[in-house]
Amino acid sequence: MDRTVAKQIARYLVSAEEDRQEVSRITLEHPELSVEDGYQIQEELVLIKLEAGYEIVGPKMGLTSQAKMKQMNVNEPIYGYVFNYMVATGQEISMRDFIHPKVEAEIAFVLGKDIEGPGVTGAQVLAATEYVLPALEIIDSRYENFQFTLPDVIADNASSSKVVFGTKLGRPNDFELDLVGVTLSINGKIKDLGAGAAVVGHPAHSVAMLANMLARKGLKLKAGQTILTGGITGAVMLHVGDAVSAKFDGLGTVDFRVTE
Amino acid sequence: MTDKANKYALHLKQALENRRGVEPITKLDPAITIAEAYQVQLLTVDKKVKAGHRIVGKKIGLTSEAMQQLLKVDQPDYGHLLDDMIVENGGSIPFSRVLQPRVEAEIAFVLKRDLIGPRVTALDVLLATDYVLPALEIVDSRIADWKIKLQDTVADNASSGLFVLGGKPVKPDAIDLPQVGMVLYKNGEIMNTGVGAATLGDPAACVAWLANQLFEFGIPLKAGEVILSGALSAAVNAQPGDHFHARLAHLGEVQVHFVAE
């Protein structure tokens with residue numbers, strides 16, 4: 001698509017994020033947008049953030065569960081980027097920073113080596129991974145009522161908004177990551193749960209798919225990047241006053257509170 | 001009541017004799033109570049014991065929020081495990097042994113001490129547990145098309161069918177049971193995933209519920225018994241030729257396959 005248009009749409013989405021203001025989904029005005037167009041807009045959005053001085057922490061995967069892929073009628077996940085300003089510092093997050101946030105529990109991979117597709121396997125990912133750690137990802141679609149088509153959500157940086165990382169690092173070989181059981185509780189009540197395999201069969205497989213998707217654009221995963229592999233639990237709506245806690249078998253817990 | 005229990009026990013028995021599911025008991029007797037339904041179950045179990053079978057443990061059913069909502073109940077139910085329900089790990093199940101089987105992966109407890117209610121806690125359960133194992137439970141219903149209400153499944157031994165114990169015995173202090181992840185495969189393909197906490201937050205709490213519930217019937221959980229603590233994910237339909245296996249974190253694998261004859 002025309003780069004000027006892509007840039008203009010990217011600015012529209014960045015403004016929505018900065019103003020914490022939900023907006024109409026872009027496919028209402030541009031019904032012809034393809035998945036490729038969505039990624040082109042996302043690239044422009046990433047450039048805007050980089051020009052503003054933010055740094056990429058790493059890519060993140062979205063739509064990694066069978067349920068979400070079926071719901072969106074796709075057979076491949078999507079990706080977006082987590083920036084340093086999105087990483088929460090401290091144990092509180094303010095509702096003022098969001099439009100309509102949801103939280104999901106994930107396993108993050110910290111890469112020790114570059115991974116370049118195509119043809120990357122889960123085993124290669126594990127060999128290139130320095131650490132795994134638990135994370136809570138807060139997604140916050142910029143679109144009204146959290147409703148979107150595939151090109152919409154891709155352009156919107158896969159709804160990326162904030163990340164709370166756990167404090168315990170693990171070595172990937174010490175775990176059967178597809179069997180790591182995770183519970184997500186809010187105010188002491190379990191809201192959702194799952195095992196690592198809920199993420200395209202294995203969290204490492206998610207990273208492999210990411211590397212192979214990036215390879216189509218001549219990109220690679222880089223040593224030092226921290227990658228969110230996708231929700232092991234479903235996404236749960238957040239409210240002021242929520243005490244959120246996720247427990248990961250062998251990887252500890254991740255907690256935060258939601259303030260006004 | 002004994003007459004009534006006898007009547008419905010015979011009604012359920014017809015399903016096995018005719019190899020076809022029968023009408024729900026709640027259709028024949030909409031007023032049947034849960035206590036009466038348990039009497040049907042106990043009578044059936046009693047008859048089997050008198051015929052030479054041995055009770056090897058208990059199972060807890062309806063431990064997921066989804067199942068409880070489906071049957072509109074707010075607590076689990078339980079059934080009896082008998083020696084003729086055991087299938088060895090990796091074994092075959094001829095379809096002549098089942099009617100309309102579904103497969104669930106669970107955590108099995110093997111007790112080293114008796115557990116007697118009415119105030120058993122989840123900690124008591126862990127302390128009385130010798131070891132835990134991964135299990136596949138093949139649930140089955142003698143009621144046609146699984147059209148069950150709570151009283152139907154309770155009378156029908158909590159829809160028990162067969163069970164398989166696998167993996168390796170793991171001491172209860174070696175794992176955090178609510179966090180144990182599970183993947184269930186049918187013919188090599190992932191059917192669903194689950195975690196220990198899917199059983200009302202904690203498998204041990206389910207066993208504690210059972211011990212306390214059984215106290216009202218004067219039944220103890222005995223040392224050596226196997227307790228199936230509840231499904232970690234939704235049940236999956238089985239057909240002849242299907243191979244099922246489950247992997248549980250720290251506990252290993254358990255598998256079974258279904259054959260036509």
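This is a predicted model: local features need pLDDT of at least 70, side-chain atom pairs count only at pLDDT 80 or more; totals for chains, interfaces and linings use all residues.

**Stop 1: the interface**

Start by showing chain A and chain B in two colours. On the chain A side, 18 residues are in contact with 20 residues of chain B. The two chains bury about 1,200 Å² between them, and 56% of that is on carbon and sulfur atoms. Now select L179(A), L193(A) and D249(A): in chain A these lose the most area to chain B, together 40% of what that side buries.

**Stop 2: charges and polar pairs across the interface**

How many salt bridges does the rule find between chain A and chain B? It finds four. For one salt bridge to look at, pick K189(A) and E65(B), where the side chains meet at 3.6 Å, N to O. Polar contacts are there too, with eight residue pairs across the interface of chain A and chain B, both partners at pLDDT 80 or more.

Next, switch to cartoon and colour three strands of chain A: β7 (181-186), β8 (189-195) and β11 (243-248). Each of these supplies at least two residues of the side that touches chain B. Which element gives the most to that side? That would be β8(A), with five residues.

**Stop 3: a threonine in chain B**

Move over to chain B and select T26(B), which sits in helix α2 (residues 25-28). Is T26(B) buried or exposed? With a relative accessible area of 11%, T26(B) is buried, because buried means under 20%. Show side chains and you'll find T26(B) in polar contact with the side chain of D152(B), at 2.6 Å. Setting aside neighbours within four places in sequence, the residues in contact with T26(B) are I32(B), K149(B), Q151(B) and D152(B).

**Stop 4: the rings**

Last, go looking for aromatics. Over all chains, a search of the whole structure turns up eleven aromatic pairs. Zoom in on Y79(A) and Y81(A), an edge-to-face pair with 6.2 Å centre to centre and 90 degrees between the planes. Both tyrosines are worth a surface check: Y79(A) counts as buried at 4% relative accessibility, and Y81(A) is buried with a relative accessible area of 12%.

Technical notes. Residues are numbered from 1 along each chain as its sequence is written. Chains are lettered from A and ligands numbered from 1 in the order in which they are written. Side-chain values use heavy atoms; hydrogens and water are left out. Contact means heavy atoms within 4.5 Å. Buried area is the accessible area (1.4 Å probe) that two parts lose on being put together, summed over both. A polar contact is a pair of N or O atoms within 3.5 Å; within protein, one must be able to donate a hydrogen and the other to accept it, and residues adjacent in sequence count only if both atoms are side-chain atoms. Helices (H or I, at least four residues) and strands (E, at least two) are DSSP runs, numbered from the N terminus. Buried means under 20% relative accessible area, exposed over 50%, partly exposed in between (1.4 Å probe, protein chains only). Rings of Phe, Tyr and Trp (its six-membered ring) pair if their centres lie within 6.5 Å; planes under 30 degrees apart count as stacked, over 60 as edge-to-face and the rest as tilted.
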